[in-house]
Amino acid sequence: MTRIAIYPGSFDPVTRGHEDIIRRSRHFADRVIVAVAVNPGKDPLFTLSERTEFLRVAVGDEAGVEIRAFDGLLAKFAEKVDATLVVRGLRAVSDFEYEFQMALMNRTLYEALETVFLVPDVGLTFLSSSLVKEVARFGGDVGMFVHPTVRAALAEKFAR
Ligand code: PNS
């Protein structure tokens, strides 16, 4: 049996923390589908194709890892791609309430879908896409937190 996990998110943009969770997911899943949400409500800094491309550059060469975009309900997309696991990263207790609700809703919508929570490397627990964008917006160096391609894209975005 092939165990397929789905790792959904906005990835606006992908950080070293996301990359770490993707690699860890491969320890228990044969295939990991990184699912980039269209999420029009979130008004992302980067377009869907930029966010997807950054993931391709950062983790696209990893064995068993696929990058896909999805629109609409995660539960429906998971069912379509035969995924039975959703992977979410937990960085702090404050993440938990929302994640708990999402896990239960997703399983209610598609009963085969279990959610597993992973914690990133301890050195990356403080990291989020929002913080990275804020640091970059004000000219801080984000080279430690993102792939060089993402760093360059952030620098270009905020140079204007
Ligand atoms: O990286 P994020 O922004 O925390 O990811 C949130 C995401 C994209 C996983 C979540 O908003 C989602 O699953 N959106 C798709 C729509 C959906 O299924 N909503 C109901 C979730 S219970």
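Student: What does helix α4 lie across?

Tutor: Helix α4 (residues 96-109) lies across β4 (85-89) and β5, at about 155° to β5. Helices (H or I, at least four residues) and strands (E, at least two) are DSSP runs, numbered from the N terminus. The angle is taken between N-to-C directions of lines fitted to C-alpha atoms, for helices over the stretch in contact (heavy atoms within 4.5 Å), and can run from 0 to 180 degrees. This is a predicted model: local features need pLDDT of at least 70, side-chain atom pairs count only at pLDDT 80 or more, and totals for chains, interfaces and linings use all residues. Residues are numbered from 1 along each chain as its sequence is written, and side-chain values use heavy atoms, without hydrogens and water.

Student: Why do β4 and β5 count as paired?

Tutor: Pairing requires at least two bridges found by DSSP, and β4 and β5 have five, so they pair. Their sense is parallel. Gly 89 stands opposite Leu 118 in β5. From β4 the chain passes through α4 to β5, a right-handed β-α-β crossover. Right-handed means that, with the strands pointing away from the viewer, the path from the first strand over the helix to the second runs clockwise.

Student: What makes β3 and β5 edge strands?

Tutor: The open sheet has five parallel strands in the order β3-β2-β1-β4-β5. β3 (65-70) and β5 (114-118) each pair on one side only. Neighbouring strands are turned by 30° on average, direction ignored.

Student: How many bridges join β1 to β2?

Tutor: Six, between β1 (residues 4-9) and β2 (residues 31-37). Ile 4 is opposite Arg 31 in β2. Helix α2 (residues 48-59) packs on the sheet and touches β2 and β3, at about 155° to β2.

Student: What makes the largest pocket a pocket?

Tutor: On a 1 Å grid over the protein atoms alone, a pocket is an open set of points where a 1.4 Å probe fits, with protein on both sides within 12 Å along at least five of seven lines. Lining residues have an atom within 4 Å of a point. Here 41 residues qualify, and Pro 8, Gly 9, Ser 10, Lys 42 and Arg 88 lie nearest the centre. α4 gives the most, six residues.
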